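Subject: The structure for you to look through

Hi there,

Here is the structure I promised to pass on. Please open it alongside this note and have a look as you read.

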Amino acid sequence: MLTLILLLLAIAGLLVVMRREAGAMPALVVLAVTGLASLLVASTLLGILLLLAAAVVAAAGLPMLRGKWLTPRLFAMFKKVSPQVSETERVALEAGSVAWDGELFSGRPNWQSLLAFGDDGVSDDERAFLDTQCSVAAGMCNSWDIARERADLPEALWNYLKKERFFGMIIPREYGGLGFSAKAQSLVLQKLSVSETLMVTVGVPNSLGPGELLLKYGTQQQKDHYLPRLADGREIPCFGLTGPRAGSDATSLPDTGVVCREMVDGKEVLGVRLNFEKRWITLAPIATVVGLAFRLFDPDQLLGEETDRGITLALIPRDTAGMEIGRRHHPIGSPFLNGPIKGKDVFVPLETIIGGTEMIGQGWRMLVECLSIGRCITLPSGATGTARYALGWSGGFARVRRQFNVPVAEMEGVQEPLARMTALAYIAQAAVYQTANTIDHGEKPAVPSAILKSQLTEFQRQILGDAMDIHGGKAVTLGPRNYLGIGYSANPVAITVEGANIMTRNLMIFGQGAIRCHPYVLEELAARDADDLKAFDHAFFGHAGLIMGNAARAFTQGLGLGKASVPFDGHAAGYASEITRLSSGFGLCADAAMASLGASLKQREMLSARLGDVLSNLYLASMVLKQWHEGDKVEGEEALLDYACGFLLGRAEQALDELFDNLPNRALGRLLRVIVMPRGKRHKRPHDDLARAIAQAVSNATALRTKLLRNTWDADDGEQENPLAQYNALLATQERAEALYRTVNKAFAKGQLPADALSPEARVEEALKAGIISQEDAAFMREREVRVLEMLSVDDFEYDAFVTDKAAILRHNAA
């Protein structure tokens, strides 16, 4: 018995040391003390084994000993197996900053570092703009009119956007812009998402493009000339990066510029002759100034000894000779202005290079640094805004649409997707807002930008699919009354652009994070490149300690022992502890995958994607907890917190489970499962009771629905009708209406009303005649049924309305 006690003490002591990453000396003490005690009072064999283990720890763990024999051998091996990082990859890795994503990678996240990003909301000017200018702009949109009647925004709306400087949100006030915070930009785009064309039109100039590039890298002359003109809409920008052969692999640009001299207006000018072909360039058909990425060559060495000067960016006026611009692509489901740009032997002076000659060859760095912010805001905000509107419309429709004498919102088949939509919208709102808040604190979140872009646009796909299912025939029949169908058909655009989701999920999230966010990998690679043995020793054995620590933390917390301390209370505390536990497991699995697969992990994209999924879900769950911790809470929100966190943590566990099943080293996969999930998966699909409660809340006039629909256009004050405002008005009187429905339908079931009173309108009139309801109630129901029928109705058109070639019309059954 004493032998067993000493063994357990040794194991417990080592686990404590490992959890704290206390180093070799405390582990050595634990093994030596328990080993000597075992020799003296218990088992000689156990004592010898423990003392041998202590000797191994001393030889491998104490710097003065390992530095003489172990570190040089490990360094030589590391040089052979560690992946080489190309210059392109290095630039991408060095772009942006690391914050909470790095904490999750560490396996021991410090929650105070997340809460340190305080939130002071938006300014009074920003709030006024959201409430007034954004509402006016949203109120000028009808999806059918924009998509089918004019294939563009109305002229009055274009003029309004320019006048109110919507295109200058990121431009400082001193240059005539609005100088908005990242949070305000996000909220503006969310509100404008009532029309996907409007959101894209405003979002793109405020994202990756000439404005942001000029702000960060432009010469003072370029800023003074262009920024005021971009802010007030005198200049409409586009940016040409992608082309027929350079999409996701944007560094493989076939577009070239050659440094040369050319006579211009009788003077010899040093400049660049460009040849390029770009595709899928938003705003290109109407752009007045074109940002262009190309590879610059200097064969005559007019600028110096280098001939290949690398990716370079320039800003080219639309009327430059040789540039073809103005044609349009036809993006699926949406008429936002998008088109090709071509140029053959286009000559531009060196002054057109963004940042001047000093920024030649810096184009790729400039792009990835800007993209880390723009990708965090534009498409994630559009997805979040779409979620708000789709949820508001669907909850309202499900409540006023009746089948089998009850609102379809009472049917569990509808409640399930409605609750799922609500949870995804709730997660998206928290994630995009809190990440924008970190940007306002000076962060440039590279890995979170990939998480938000891919995850939230996938949420948008799910939400719009659920909304279509709930609406049924109302949504599949296009026309001016259909507020949903065109946005649904346009969703693949968000999935594809700014880094296609397939690439982002499989390559970028974990691929970039594994080096950029890891506490030690970047140090190890730097030590290798510098051939610095001492730096390698520090980084490698710190890394080894982290692996041991994550293994101990994941295992003990998985058993329910020694929960992490978290700065939350109530429900949130449990979820934060689970995020911490899974973060330790994720950190361990990330290191195990990198160690076992080495450089080949780059090609094992499905494994990389699953590791990225774990990180993504932990990040999103963390944002939900921060929003919950700091925000105002309303009745019913706790159920939504449970649903959202359970959903995300369940997805994280599922990704880990699939990782264990698919690691090529099967023994390693089984070992990791035992360490990370000693009690199996803990998080299942959210309970049906949660789904019912959430669906009820968002399909009625509740505080939760109101909170979720903040920052939408929800007033009936625009040039176009507002279906969200109409649903909200109907829900405000739903309780009275439902009582009258029950009264009238009960009377019909009892035979108190004529058998041919089959419609709600007919039953109301017959119930009034029979004295079952009052004159006042009948008037209320008459007015309500007119409004309900309008919300349920769809459009129809002339037989040949959609035929472009009238000569091709087939007149079936013509008289």
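Below is what I found in it.

First, some ground rules: this is a predicted model, in which local features need pLDDT of at least 70 and side-chain atom pairs count only at pLDDT 80 or more, while totals for chains, interfaces and linings use all residues. Residues are numbered from 1 along each chain as its sequence is written, and side-chain values use heavy atoms, with hydrogens and water left out.

**Domains.** The domain assignment (bounds from an automatic or database source) gives domain 1 (1-61), domain 2 (237-353) and domain 3 (722-814). Taken over C-alpha atoms, the centres of domain 1 and domain 2 are 67 Å apart.

**The start of the chain.** Helix α1 covers residues 2-20 and spans 27 Å from its first C-alpha to its last, close to the 27 Å expected at 1.5 Å a residue. (Helices, H or I of at least four residues, and strands, E of at least two, are DSSP runs numbered from the N terminus; the expected span is 1.5 Å times one less than the number of residues.) Leu 6, Ala 10, Gly 13 and Val 17 of α1 are buried, meaning under 20% relative accessible area with a 1.4 Å probe, protein chains only. Seen down the axis of α1, the buried residues fall within an arc of 70° (from the directions to the C-beta atoms), so they line one face of the helix. They pack against α2 (24-41) and α3 (44-61). Just after α1, Glu 21 has a positive phi of about 50°.

**The cores.** A nonpolar core here is a set of buried Ala, Val, Leu, Ile, Met, Phe, Trp, Tyr and Cys residues joined through side-chain atoms within 4.5 Å. The largest has 115 residues, and Trp 111, Phe 568, Leu 618, Leu 620 and Leu 625 touch the most other members. Beyond its neighbours within four places in sequence, Leu 625 is in contact (heavy atoms within 4.5 Å) with residues including Trp 111, Phe 568, Tyr 575 and Leu 641. Apart from that core lies another, of 61 residues, with Phe 167, Val 200, Ile 439 and Val 493 among them.

**Asn 745.** This residue sits in helix α31 (residues 734-749). Asn 745 is buried, at 16% relative accessible area. Leaving aside neighbours within four places in sequence, Asn 745 is in contact with Arg 402, Asn 405 and Arg 763.

Happy browsing, and do write back with any questions.

Best wishes

Note on methods: Buried means under 20% relative accessible area, exposed over 50%, partly exposed in between (1.4 Å probe, protein chains only).
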